[in-house]
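Hi,

Here is the model we talked about, sequence and coordinates together. Have a look, and then read on for what I found in it.

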Amino acid sequence: MIRNSASEMASKLASGDVTSVQLTQAHLDQIAAVDKQVHAFLHIDTEGALAQAAAVDLKRKNGDKLSPLAGVPLALKDVMTQKGIPTTCGSKILEGWRPPYDSTVVANLKKNDIVILGKTNMDEFAMGSSTENSAYGPTHNPWDLSRIPGGSGGGSAAALAAFEAPLAIGTDTGGSIRQPAAVTGTVGVKPTYGGVSRFGLVAFSSSLDQAGPCARTVLDAALLHEAIAGHDPKDSTSINAPVPAVVAAAKAGNVKGMKIGVVKELNGDGYQPGVRKRFEESLELLAAAGAEIVEVSAPNFEYALAAYYLIAPSECSSNLARFDAMRYGLRVGDVEGASAESVMNLTREVGFGREVKRRIILGTYALSSGYYDAYYGSAQKVRTLITQDFNKAFEIADVLVSPTCPTTAFKIGEKADDPLAMYLNDIATIPVNMAGIGGMSLPSGVADEDGLPVGFQIMAPVMKDERMYSVGASLEASLLSKWGAPLLSTIPVLAGSK
Amino acid sequence: MTSLSRDDVAKLAGLARIEMSDEELVALSNEFTVILDAVARVQEVAGEDVVATSHPLPLRNVFRPDVVIPSLSPQDALSGAPAQEEQRFRVPQILGEE
């Protein structure tokens with residue numbers, strides 16, 4: 001049962017074949033059986049999840065009108081506040097903090113009766129591509145436990161691949177939903193910036209952060225997308241427009257007559273041969289399904305990584321100033337006569353990990369007087385150029401595509417000491433965040449050389465998110481008929497797995 | 001090539017309110033030489049004619065109706081406080097004694 005898709009689970013709930021309490025308990029059992037190996041979760045809310053499930057079952061028994069995903073369990077990235085539930089962002093500075101309010105995403109999940117199993121592991125404050133920067137230890141990729149599950153949302157992606165949850169919430173600042181999806185053989189979507197409220201999403205880089213759905217199928221992602229998206233007066237950057245019709249697009253999966261643009265700059269040198277091969281195959285399948293494949297060029301994308309590593313640290317150096325040891329979180333060195341400043345200094349020394357400190361210092365430098373124009377100012381100009389590249393490309397093509405990542409999952413520890421090598425993971429995902437458009441990653445198979453999953457990325461213009469779902473669902477269907485079973489049916493079975 | 005000395009990093013760490021060991025300062029100063037070289041590439045294309053983008057949405061002032069809604073109770077607002085006193089956050093000394 002835990003290997004079903006969320007939509008299949010929803011059908012079984014609707015027909016009365018299973019109750020939400022049984023379904024939730026089955027996932028809690030799987031978590032108990034395998035999470036010592038995977039470490040996808042930082043907190044498991046057994047009592048809360050079962051209570052929520054029982055409440056949905058009662059509503060169903062009473063004949064209440066329920067949402068499509070009512071009663072289906074979900075794993076929540078630990079960057080999202082949930083009232084009374086520990087929210088750490090993978091950081092020691094927030095250890096033990098229980099927020100007094102729900103994020104809008106959580107409020108929407110509760111409104112849709114989606115059962116929240118617990119909080120998933122992540123790189124500290126979402127800074128990283130491997131989940132190795134979590135203060136609570138790394139998450140392991142269920143495909144190969146010695147490898148990274150991607151980051152920052154490695155916990156959410158690994159929970160899906162380990163059948164600990166059929167749905168998860170991620171957040172994507174430079175690829176933190178899509179890259180983990182790619183390396184775990186799951187589906188991850190970064191909606192258009194402003195499509196999903198950021199209220200209660202602990203901010204890393206406010207102009208780039210966007211929450212989105214993670215799932216095992218394109219349709220499941222679409223159902224979750226519609227459940228969490230929409231205008232929120234509590235987030236002034238949330239878009240006041242109807243949610244794109246992503247479920248209808250995922251159900252139709254029609255690419256006939258669509259123009260699909262291959263981004264020349266996001267494929268070639270530096271991309272693993274097995275990644276390129278799966279990408280080429282996927283293009284052939286989309287062409288066979290009736291899409292027209294064209295090539296587009298985005299010459300400024302090569303500067304995206306550099307611009308990102310100025311903009312994101314700059315915004316984080318400001319956003320993370322709120323962790324000042326005064327109102328919540330860790331406080332260190334508060335002895336008789338200690339000044340507020342020394343308490344802040346000592347708390348932030350102990351509370352923040354190495355990568356977070358590195359980015360705060362880099363951002364402080366990039367924003368400092370005398371360097372602002374050369375660094376942060378120039379990066380903002382590159383952002384304009386990237387957006388212009390996208391605009392031109394979308395004049396030619398309806399969607400753009402690329403491999404999600406240059407390589408498959410690397411070994412835990414392999415890149416931990418080389419920040420620049422680590423940053424290169426995000427080379428194909430970052431441009432999407434810079435322009436605020438939508439991006440999806442779905443599995444396109446495994447690489448021949450290592451047998452590890454490869455992701456196919458689809459990018460769509462602002463508020464045209466439904467196009468990603470049309471293309472994603474079409475490709476998924478073609479791949480499914482080619483393979484005969486979903487990719488995740490070939491994942492090695494974890495010891496003790498149900 | 002841009003580089004940041006140990007003392008430069010110490011000054012930035014002070015501005016960012018992060019205490020750092022000497023070892024950490026030296027390590028960061030070495031890393032920044034490499035990182036700054038990589039990110040300085042943005043200057044190659046950031047001509048004077050290019051306008052800056054600070055945000056993906058072309059938003060200016062966003063307003064909503066001024067409606068009174070319940071706010072956090074003092075108990076909830078103080079629930080995460082490292083220290084509290086008389087229904088207030090207790091903080092370390094901010095001003096010097098004179």
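Chain B first: 21% of its 98 residues count as buried. Bear in mind that this is a predicted model.

The fold of chain B is simple to list, with three helices and two strands, running α-α-α-β-β along the sequence. Its radius of gyration is 23 Å, whereas the globule rule gives 13 Å for 98 residues, so chain B is more spread out than a compact globule. The C-alpha trace spans about 55 × 45 × 30 Å along its principal axes.

Then there's the interface. On the chain B side 44 residues are in contact with 58 residues of chain A. The elements of chain B giving two or more residues to that side are α1 (6-15), α2 (22-39) and α3 (74-77), and α2(B) gives the most, with six. Sorted by class, the side of chain B that touches chain A has 31 nonpolar, seven polar and six charged residues.

Over in chain A, take a look at helix α12 (residues 354-366). At 1.5 Å a residue its 13 residues should span 18 Å, and its end C-alpha atoms are 18 Å apart, which agrees. Eleven of the 13 residues of α12(A) are buried, so the helix is largely enclosed by the rest of the structure. Among the buried ones are Lys357(A), Arg358(A) and Arg359(A), as well as Ile360(A), Ile361(A) and Leu362(A).

Cheers

Note on methods. Residues numbered from 1 in each chain as written. Chains lettered and ligands numbered in written order. Predicted model: local features only at pLDDT ≥ 70, side-chain atom pairs only at ≥ 80, totals over all residues. Contact = placed C-beta atoms within 7 Å. Helix = DSSP H or I, 4+ residues; strand = E, 2+ residues; numbered from the N terminus. Nonpolar A, V, L, I, M, F, W, Y, C, P; charged D, E, K, R; others polar. Expected span 1.5 Å × (residues − 1). Buried ≥ 20, exposed ≤ 12 C-beta atoms within 10 Å, placed from the backbone. Rg over C-alpha atoms; globule rule 2.2 N^0.38 Å.
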